[in-house]
Amino acid sequence: MISEPSVSENALGRQPGEPVQSAITYEKIPTHIYADAKDASRAVAREIAALIREKQQKGQQCVLGLATGSSPKTVYAELIRQHREEGLSFRNVVSFNLDEYYPMEPDSLQSYVRFMKEQLFDHVDIPEGNYFIPDGTVAPNKVLEFSRAYEEKIQSYGGLDFQLLGIGGNGHIGFNEPGSLINSHTRLMMLDHSTRAAAAGDFGGLAQTPKKAITMGVAPILSAKRIVLLAWGERKAPVIRAALEGTVTEQIPASYLQTHPNALFVIDQAAASDLTRMQTPWLVDTVEWDKQMVKKAVTYLSRTLGKPILKLTNKDYNDNGMSDLLAQVGQAYDLNIDVFNQLQHTITGWPGGKPNADDTNRPERAQPARKRCLIFSPHPDDDIISMGGTFQRLHDQGHEVHVGYQTSGNIAVADDEALRFADFVVDFNDKFGIDSPEATRIFRDAAAFLREKKGSEMDTEEVRYVKGLIRKGEAKATCRFVGIPVENAHFLNMPFYETGKVEKKPLGEEDIQAVMDVIREVKPHQIYAAGDLADPHGTHKVCLDAIFEAVRRLKNEDFMKDCWVWLYRGAWAEWDIHEIEMAVPMSPDQLMRKRLGIFKHQSQKDGVVYQGSDSREFWQRAEERNRATASLYNQLGLAEYEAMEAFVRWKY
């Protein structure tokens, strides 16, 4: 069950808004874990603001090292709020940014000069001559000279009082990629493929993404008096564990912070999920052995030892730090049976509930026998990619299934695909004498723009419209493939998404109302929503927040009293085994049918525009994940299936 606060927070005694702490940690750098990025960012912003004010009182300048990317945005937003509402002045602040792409014009959409102005500098009273950012236009033969001068400028101000950092998926800090030495200085750096792939969305594809950057070196970063590193999201979890619990190595440059006397990692629970104190909290602190924690511990022990749950012994528990759990329960046999049954009861071939059956131990209720089901799909293909087998099963078993497509998904359509579509429409109208001047103008303008479009240029409104039509048509094709009427496809086109860029607007009232409207229209007994927070560009998170808020506002209406909310994951990750509350098995034929449904999204086939560092297509990722879930159940000693889709219930 997903609720607030989460089980892991309760088990560790965390109060809302406070970092998760524990008696013992395996981390080699002080680490604060917060429930979410907003709480964490406020804490970091408070520390920066306090430092600025302290320096002001002493009549001194405050020298800040600043970072770009998604991680520090919420920190900057909070600093702006304090400037506007609490009188925080930046008149005494001098700042040095970590890096800049090379080559890069300062007014480019992707420039870090532009980023810092839009995210901070244009909204506070920092003097224009007080902030410094590496120059992406410096001549190649002048880069070394510029780099030395940049570090000398930092030293002329007495060094960095505070350095803010993010962390790359490969462990880089700044653009110090794996292999960077601890004594490295400011320099021109070749970017790692994974770094470029992660940034490709901002540049319209990997081919347009710069291959180089000027970066502050590891040595000047470590010379800062105070360093705070930020990380949000479960995709950062593996590298966070490596940096915090592993050895100091040039392969994970962030691990160099272990050598710093005043460094701090500030991360959210998702980014902390691989840490020892989160994976196995019973090894570092006293825990409350509630039902969820017991399930987590037993499944962990089974997987670690490679033994089915029913074969675990008293010795296994005692030898692996769980003697207090055994003392509470009595015997391994009883503990094993209890957790095995819990897992068994999550498996169902009837995601809408099995009619005329005892539903005591089933994840879904039997009544009403025919349910209205509303699947929310953040992008036009998340429904079939993430829960296509369940989608098909719900329809086949007689339920009334609707899909709410939350965004147009237009930015994920390649330009050549849009040009092909626009040309087809214009040629079709010309061939058959279809006279629609406005439509013809839209498609002709879109085609003309796409033929002349520059690599970093943002799509026009007409092009976004064309790309949105492509994805809308593919979503309808999926609905027809599954068997539901196209009238049951609801296109919300939530406004927050329609920026034409990877960067979206904040969630707004119009977005929430769009979700509320479709819920009121369908009056569902089941809502399925994407609980995937590993989405590389954040759309899933915003869409989920909109659903949560809509459900909270509607929960007192009569039809909502019989509505259950199930959360699925996307193509990037799966629920942990101890979290899963409903697992829907698929046969080989059903898995193949799901693949064919995914193929209806032709614009996403062969070349995924925003794939990050994973080059696999969506159907490949989904199948691997679904097979892995089924394999895990089998390893724990349960029945062997070809594949499984997993869900967690959110109780509001």
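I started at G246: apart from neighbours within four places in sequence, G246 is in contact with K28, R241 and Q258 (contact means heavy atoms within 4.5 Å). G246 sits in the loop between α8 (237-245) and β10 (263-268); helices (H or I, at least four residues) and strands (E, at least two) are DSSP runs, numbered from the N terminus. I also checked Y26, which is 220 residues from G246 along the chain, and the two C-alpha atoms are separated by 9.3 Å.

Notes on the model. It is predicted, so I kept in mind that local features need pLDDT of at least 70, that side-chain atom pairs count only at pLDDT 80 or more, and that totals for chains, interfaces and linings use all residues. Residues are numbered from 1 along each chain as its sequence is written, and side-chain values use heavy atoms, with hydrogens and water left out.

Next, the sheet with β10. I found 7 strands in an open sheet, ordered β1-β10-β9-β6-β2-β3-β5, with parallel pairing (two strands pair if DSSP finds at least two bridges between them). The edges are β1 (31-34) and β5 (131-132), each pairing on one side only. Inside, β2 (residues 62-66) runs parallel to β6 (residues 162-165), joined by 2 bridges. In that pair I see L64 opposite F162 of β6. Helix α5 (residues 143-156) packs on this sheet, touching β3 (93-97) and β5, and its direction makes about 155 degrees with that of β3 (axes are lines fitted to C-alpha atoms, for helices over the stretch in contact, and angles run from 0 to 180 degrees between N-to-C directions).

Then the other sheet. This open one also has 7 strands, in the order β13-β12-β11-β14-β15-β17-β16, but the pairing is mixed. I noted β13 (489-491) and β16 (582-586) as its edge strands. Strands β11 (residues 372-377) and β12 (residues 400-405) pair in the parallel sense over 6 bridges, and F376 stands opposite G404 in β12. Helix α18 (residues 509-522) packs on the sheet and touches β11, β12, β13 and β14, at about 160 degrees to the direction of β11.

Last, a helix pair. I looked up α16 (residues 437-452) and α17 (residues 461-482), which pack at about 105 degrees with axes 8 Å apart. That makes α16 roughly perpendicular to α17, because angles of 65 to 115 degrees count as such, while under 35 is roughly parallel, over 145 roughly antiparallel and the rest oblique. Among the residues making the contact are F443 and F449 of α16 and Y465 and L469 of α17.
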